[in-house]
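The sequence and the structure come first.

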Amino acid sequence: MGHQGSRGERRISSVFLGIVAIMAVTGWAVWTGYAASPGLAVFLFVTSAWIVSLCLHEYAHARTALHGGDLTVGAKGYLTLNPLKYTHTLLSIVLPVIFVILGGIGLPGGAVFIERSSIRGRWKHSLISAAGPLTNVAFAVVCTAPFWLGALDGVPLAFRLALAFLALLQVSAAILNFLPVPGLDGYGVIEPWLSYRVRREVEPLAQFGLIAVFALLWIPAVNTFFFDVVYGLLSSLGVTGTEASCGRELYTFWRDESGFCPAPQD
């Protein structure tokens, strides 16, 4: 096996291609207004696009690790973009989708196991950790491109709102991932630069990091501050808070919300 792994280890999985197909078909249904229920179409489009971004997030970790010296990622199936190959499918895919449905927050997944002992150099370790959330940043930029490019003419309202909500998920995921909390990618970025003693003391806390972050987000003041930051970043990318909120309202179509949002047929 060569440095890049065999072709079979890098072949894109049919599972991932199926998710992309669902994203494409439901995206088309949202764009054309073909769906009988625009809410259901938006739900399927945003959820499948969110899963695609989670797969790309983990792929970015694995691909960077491969170039950093971990040749085991191919055999583990991480380069196929198959979400079923991750260490914890529940943590990587199911929980993030549930959190989107319940709270409109982009939960960091985190489930490719990197052989860190195979990688030499602190910068490489930092880059492997940063690669995932940088994927969310790139996804957010792509989702918001029509907004900050002023290219919304002709974009149907339902599709625009769906993109706005998807961008909110990517921005919130990027922020959470970059927090320097043990167990999250942000800590992985700084960990190689910490002393051995600090790393040893912090290591047992890693499994509780994500739980602690979400416990804090239940505190109203913290939640408000967090979403102020998210909406502030979205605003700098041309997306208004109303668009993102109405996108979420459209996404959670089963809730009877007679809010201020315009009907997507407008």
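V230 touches L168, V171, S172 and I175, leaving aside residues up to four places away in sequence; contact means heavy atoms within 4.5 Å. The model is predicted: local features need pLDDT of at least 70, side-chain atom pairs count only at pLDDT 80 or more, and totals for chains, interfaces and linings use all residues. Numbering starts from 1 along each chain as its sequence is written, and side-chain values use heavy atoms, with hydrogens and water left out.

**V230 and helix α10**

V230 sits in helix α10, residues 220-236. Helices are DSSP runs (H or I, at least four residues), numbered from the N terminus. The relative accessibility of V230 is 0%, so V230 counts as buried. Buried means under 20% relative accessible area, exposed over 50%, and partly exposed in between, with a 1.4 Å probe and protein chains only. V230 and G106 are 124 residues apart in sequence. Their C-alpha atoms are 11 Å apart in space.

The buried residues of α10 are F226, F227, V230 and L234. They lie on the same side of α10 because they cover an arc of only 90° around the axis. The arc is that of the directions from the helix axis to the C-beta atoms. Turned away from the buried side is a face with the exposed residues A221, F225, D228 and S236. After α10 comes G238, with a positive phi near 90°.

Which residues of α2 are buried? They are F16, I19, T26, G27, A29 and V30. Their arc around the axis is only 160°, which puts them on the same side of α2. These buried residues pack against α3 and α6. The face turned away from them carries the exposed residues S14 and V25. G33 follows α2, and its phi is positive, near 70°.

**The α3 and α6 pair**

Two packed helices are described by the angle between their axes and the distance between the axes. The axes of α3 (residues 38-68) and α6 (residues 157-178) come within 10 Å and cross at roughly 30°. Axes are lines fitted to C-alpha atoms, for helices over the stretch in contact; angles run from 0 to 180 degrees between N-to-C directions. The crossing is right-handed, meaning that the near helix is turned clockwise from the far one by less than a right angle.

From α3, the contact uses V42, F45, V46, A49, W50, S53 and H57. From α6, it uses A158, F159, A162, F165, L166, L169, Q170, A173 and N177. By class, this contact has 12 nonpolar, four polar and no charged residues. Nonpolar covers Ala, Val, Leu, Ile, Met, Phe, Trp, Tyr, Cys and Pro; charged covers Asp, Glu, Lys and Arg; the others, Gly among them, are polar.

**Two further buried positions**

A130 lies in helix α5, residues 122-148. A130 is buried, at 11% relative accessible area. A130 touches F178 and V189, not counting residues up to four places away in sequence.

L81 is in the loop between α3 and α4 (89-103). L81 is buried too, with a relative accessible area of 7%. Its phi is near 65°, a positive value in a residue other than glycine.

Terms used. Helices (H or I, at least four residues) and strands (E, at least two) are DSSP runs, numbered from the N terminus.
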